[in-house]
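I opened a new page for this structure. My plan is to look up a few things and write down what I find.

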Amino acid sequence: MNYLSSSRRVKLWQSLLPHWQQSVIGHSELGQAIIAFHQAPLDQCEVLAWSLMHGNETTGAEALTALIQQPQFGHKSWCIVPVLNPDGADAFTRLNHLGKDVNRDAIRSETKEGQALLSLMPRIQPKLVLNLHDQRSCFRGIGSDRPATFSLLAPCSNPKQKGGFDLEASKVASWMANWISQQYPHWGLARFNDSHYPNAFGDLWQSHAATITLETGITLSDWTRGETAQALALLLVNIDSTSWEEIFQNTPFDYLALPMNIDDAMDASVQMGNGQSCMLAYQETLQQGRLQAEWRVLKGDAQQSPAWRHWSSHLPRPMPGEVFDERSAQQIS
Ligand SMILES: [Zn+2]
């Protein structure tokens, strides 16, 4: 995936959507405007979506950018916050400039980015809210031999109090699960544990409108998630063009039948010539304005858990923490 600074991403959106309304819903810790782009007045928008709440999770933003360029886009009225955490996105870090996790700030409301998202709540009553995130490549559905490219969550609004949109969201999640498994039958698809996390924004919004937290992962043929972003864009296009009746007519069961997401997989397992083994983790880091793929050596021997790549090497065992670029990692094998 290419790196794009927050200001360039926002400028791109402004150039792609010259006729949409823009509302500045807040400012980041470093003073960058947080902008909601909307087709209709806020109180008439049917879908609310945000991305880059975690600054190094770019797939949602890439997919939304592809969505708004589709010629057939526009059946529903959308409100989109493409860059919710602009400082984190600039630094390509999960957290905001003060090192806080915006997605654990729904109750305390200490972060300016979280406050911006909260400020939308009294102004908008969408039928569907989409909270777009990336998940690490160690996630897979239980029993699956491939990474979870999509994991769905209908967050829990409040287990003690009825009245949230949990059931409605589960129906949407079923519709999504069916669409994804039909379009991408060979990709991993799982569901997240729906324990109640009152600090999480998905749980809070579920008390206000049907909310899905969608976590995207790698595909085995594209670790940079470009394929995943394309698939997510197609899913969003289908949400846009499918009637609400059809989306909400499902039962929750297809969603509930998905395997649970677990985070036990390894990116690569290396068998060394002397009988030892080690594990490598794939990561992308920001270096001089570009994202670089790296493989980092983890502590300990390779374990029983599945690995997405199996390499063997005649070289001595590398030290934990050692980092290989993509080319030297190929040479290990
Ligand atoms: Zn996230």
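How many bridges join strand 11 to strand 12, and do they run parallel or antiparallel? I looked this up in the model, which is a predicted one. Strand 11 (residues 266–272) and strand 12 (residues 277–287) are joined by four bridges and run antiparallel. Within this pair I found glutamine 271 opposite serine 277 of strand 12.

**Domains.** I looked up the division of the protein next. Domain 1 covers 6–262 and domain 2 covers 266–332. I read 31 Å between their C-alpha centres. Six residues from domain 1 and five residues from domain 2 make the contact. On the domain 1 side, I listed four nonpolar residues, one polar and one charged.

**Cores.** I turned to the nonpolar cores. The largest has 70 residues, and Ala49, Leu84, Leu152, Val172, Ala173, Met176 and Ile212 have the most contacts inside it. I followed alanine 173: setting aside neighbours within four places in sequence, it is in contact with Leu152, Ala154, Ile212 and Tyr255. Another core of twelve residues lies apart from the largest one, and Ile218, Trp223, Ala268 and Leu280 are among its members.

**Helix 2.** I checked how covered helix 2 (residues 59–67) is, and eight of its nine residues are buried. The buried ones include Gly60, Glu62 and Leu64. They pack against helix 1 (6–16) and helix 7 (226–241), and also against strand 3 (47–50), strand 4 (78–81), strand 5 (128–134) and strand 9 (211–216).

**Isoleucine 142.** Is isoleucine 142 buried or exposed? I counted 11 other C-beta atoms within 10 Å, so isoleucine 142 is exposed, the limit for that class being 12 or fewer. I placed isoleucine 142 in the loop between strand 6 (140–141) and strand 7 (148–153). Beyond four places in sequence, isoleucine 142 is in contact with Pro259, Met260 and Ile262. Leucine 118 is 24 residues from isoleucine 142 along the chain, and I noted 34 Å between their C-alpha atoms.

Key. Residues are numbered from 1 along each chain as its sequence is written. This is a predicted model: local features need pLDDT of at least 70, side-chain atom pairs count only at pLDDT 80 or more; totals for chains, interfaces and linings use all residues. Domain bounds come from an automatic or database domain assignment. Two residues are in contact if their C-beta atoms, placed from the backbone, lie within 7 Å. Ala, Val, Leu, Ile, Met, Phe, Trp, Tyr, Cys and Pro count as nonpolar, Asp, Glu, Lys and Arg as charged, and the others, Gly among them, as polar. A nonpolar core is a set of buried Ala, Val, Leu, Ile, Met, Phe, Trp, Tyr and Cys residues joined through C-beta atoms within 7 Å. A residue is buried if 20 or more other C-beta atoms lie within 10 Å of its own, exposed if 12 or fewer, and partly exposed in between; C-beta atoms are placed from the backbone. Helices (H or I, at least four residues) and strands (E, at least two) are DSSP runs, numbered from the N terminus. Two strands pair if DSSP finds at least two bridges between them.
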